[in-house]
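Here are my comments on the two-chain model, as numbered points. Please read them with the structure open.

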Amino acid sequence: MMQSFLKAVHIYWYMVEASIRAQMQYRYAFVMNIVGWMMHYTGMGITIWVLLYSFQTLEGWVFWELIFLFALSVLSWSISIIFFFHFRTLDQYIVKGTFDRFLVRPIHPFFHFMAMKFDIGAIGQLLFSILAFILAYSKLSLHWSFWKWTVFSGALLGGALIQGGIMVLISAIAFWTTRSERVFWVIMFPLRNLINYPLSIFPRAIQMVITFILPFAFVNYLPSLLLLNKTDSIFPPFWGSLSLLVGIIFFWLSLQVWLKGVNKYNSTGS
Amino acid sequence: MISLKGNLRMYLEFSRKSFQRAAAYRFEAWMRVLSNVIFLFMWGFIWYGLYQGKESVSGVTFQTVFSYILISQMLQGLHSAGTPLWDIQEKVRTGDIVSEMIRPYDYPFRLLFADFGSIAFYFITAILPLYSVIFILLKLVIPASPGQWLLFLFSALLGYLIRYCLELTFGLFTFWLVETGGVEDIFYFAISLFSGAMIPLWFFPGWLNTLARFLPFQGIFFVPNSIFVGQLSGKEILPALGVQFLWLVISFLILRFVWSRAANKIIVQGG
């Protein structure tokens, strides 16, 4: 068991290397992609700045606090897309019937599909969010204790697992309906925009969905409450320290759905 | 150079066909509505949150801004039903654009009329019923007179055409730049911020507002939206429409110029 797992990890990294080499073949496209993402997120940051210019605060959150919230979500997002961004295209493999090859190789289909791409284009998002984070940290004059840095790391890992989990979950829809890419854009794009703003501005029902069903609240809002010493009328700040736990549980559940989907695919036989 | 070829009927046929096509692919339309409503919802609550404890900001009340955001989302919904930019870029990259060029019609016009068809379908089946219900239920600010309605519709049409010309021109740049990654993001950012799609220009810092007034993008959403909610009224409307019209002429000329150059510069990938 352990040995086969180690072997899978070994093959995974071997394929990652190949994927990186493949992406580096198109240098110009690679660089433009990074520049593009940095522009995209900088644009979103500027939009938040313009929005706050005449109003100063949004439910007690000032500009740099909002940037902190934003940077935290992009930071964990950029970690998760390195591994899982291509999962949204699973429907193409199923429609074309090319998914079969993931089932006949001596590596677990999930690992194999995951190894299809190691998205180094995520560097753009990563650079942007690190920069935004450093700026927000210094503008807000934060001085974190060891405990807070632990919470922060938990939020990063947990956030990456939650968002990766959602990508895995959405891709699994393709096993039953042969659609995933469209669903991905319709769900992920608005939701990721939504969490750039404090959850407390939205109605209670939405807050519950985003906390308990698709746990995006644990990606940035709840950890930010704790890390920025803010309060919320519903959620106690210590919930922000649970991100990693929620991430592990949510990812595990998503993975189970995906594996169920693989079994379903086996039986279609077309 | 500009060849309508006296054949409006042919172009209208493209509208009719794409209307039918849109009717056949209803799933796409529902997904688009869902996305549109989520964003409407999000911006509605953001503005509500911003206005907490404030009566009016920069002389504008929450009700006015909320109506502005609604009409803006509605127009954006209509714009999104047209041919997406990546579709044009893909045609250029794969070389399929050639089949458009050898046919006896003008591609930019054909595409415009085809978009009219799919937008008409989307408008009738989704946007009109949805937004009528919202406006009536929430008792929001709407134009008070038929004249104001007409001016709004005219301004919205000008805005649509400006966006169409700019976006198609940008799409045609693919003839020269195979990879448009970074430039594309700047372009989209400029459209989304300076058009006033999400944040009305009233709330911009002074210098940014001035800059925005000198760009073509404000004619896309800001001018029609402002007419709709009555922030732009009386004697101010005419100059605003004039500026919109001027930008339409300029962006149309740029489009024609780029298109004529593009037609002479076919580099098909791998060919």
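1. Thr174(B) sits in the loop that runs between α7 (146-172) and α8 of chain B; helices here are DSSP runs of H or I with at least four residues, strands are E runs of at least two, and both are numbered from the N terminus. With a relative accessibility of 3%, Thr174(B) counts as buried. The cut-offs are under 20% relative accessible area for buried, over 50% for exposed, and partly exposed in between, taken with a 1.4 Å probe on protein chains only. The side chain of Thr174(B) comes to 2.5 Å from the backbone oxygen of Gly171(B). Leaving aside residues up to four places away in sequence, Thr174(B) touches Gln89(B), Val92(B) and Arg93(B), where contact means heavy atoms within 4.5 Å.

2. A word on basis and numbering. This is a predicted model, in which local features need pLDDT of at least 70 and side-chain atom pairs count only at pLDDT 80 or more, while totals for chains, interfaces and linings use all residues. Residues are numbered from 1 along each chain as its sequence is written, chains are lettered from A and ligands numbered from 1 in the order in which they are written, and side-chain values use heavy atoms, with hydrogens and water left out.

3. How much area do chain B and chain A bury between them? The figure is about 3000 Å², with 79% of it on carbon and sulfur atoms; buried area is the accessible area (1.4 Å probe) that two parts lose on being put together, summed over both. α2 (26-50), α8 (181-194) and α9 (206-213) of chain B each give at least two residues to the side that touches chain A. The largest share of that side, 15 residues, comes from α2(B). Sorted by class, the side of chain B that touches chain A has 26 nonpolar, six polar and four charged residues. In this scheme Ala, Val, Leu, Ile, Met, Phe, Trp, Tyr, Cys and Pro are nonpolar, Asp, Glu, Lys and Arg are charged, and the others, Gly among them, are polar.

4. In terms of contacts, 36 residues of chain B meet 33 residues of chain A. Two residue pairs are in polar contact across the interface, both at pLDDT 80 or more. A polar contact is a pair of N or O atoms within 3.5 Å; within protein, one must be able to donate a hydrogen and the other to accept it, and residues adjacent in sequence count only if both atoms are side-chain atoms. The number of salt bridges between chain B and chain A is zero, a salt bridge being a side-chain nitrogen of Lys or Arg within 4 Å of a carboxyl oxygen of Asp or Glu.

5. Over all chains, the count is eight salt bridges. In one of them, Lys230(A) pairs with Glu65(A), with the closest N and O atoms 3.0 Å apart. Lys230(A) lies in the loop between α10 (221-227) and α11 (243-268) of chain A and Glu65(A) in helix α3 (residues 63-84), so the pair ties together parts 165 residues apart in sequence. Lys230(A) and Glu65(A) are both buried.

6. Chain B has salt bridges within helices. Glu167(B) and Arg163(B) meet at 2.9 Å, N to O; they are four residues apart in helix α7 of chain B and therefore separated by about one helical turn. Glu167(B) and Arg163(B) are both buried. Arg16(B) and Glu13(B) form a salt bridge at 3.0 Å, N to O, and lie three residues apart in helix α1 (residues 8-24) of chain B. Arg16(B) is partly exposed at 43% relative accessible area, and Glu13(B) is partly exposed at 34%. A network of salt bridges links Lys91(B), Glu100(B) and Arg110(B).

7. Most residues other than glycine have a negative phi. Ser141(A) has a positive phi, near 45°; Ser141(A) is in the loop between α6 (123-139) and α7 (146-177) of chain A and is exposed at 51% relative accessibility. Lys139(B) also has a positive phi, near 50°. Lys139(B) is in the loop between α6 (107-137) and α7 of chain B and is exposed at 67% relative accessibility.
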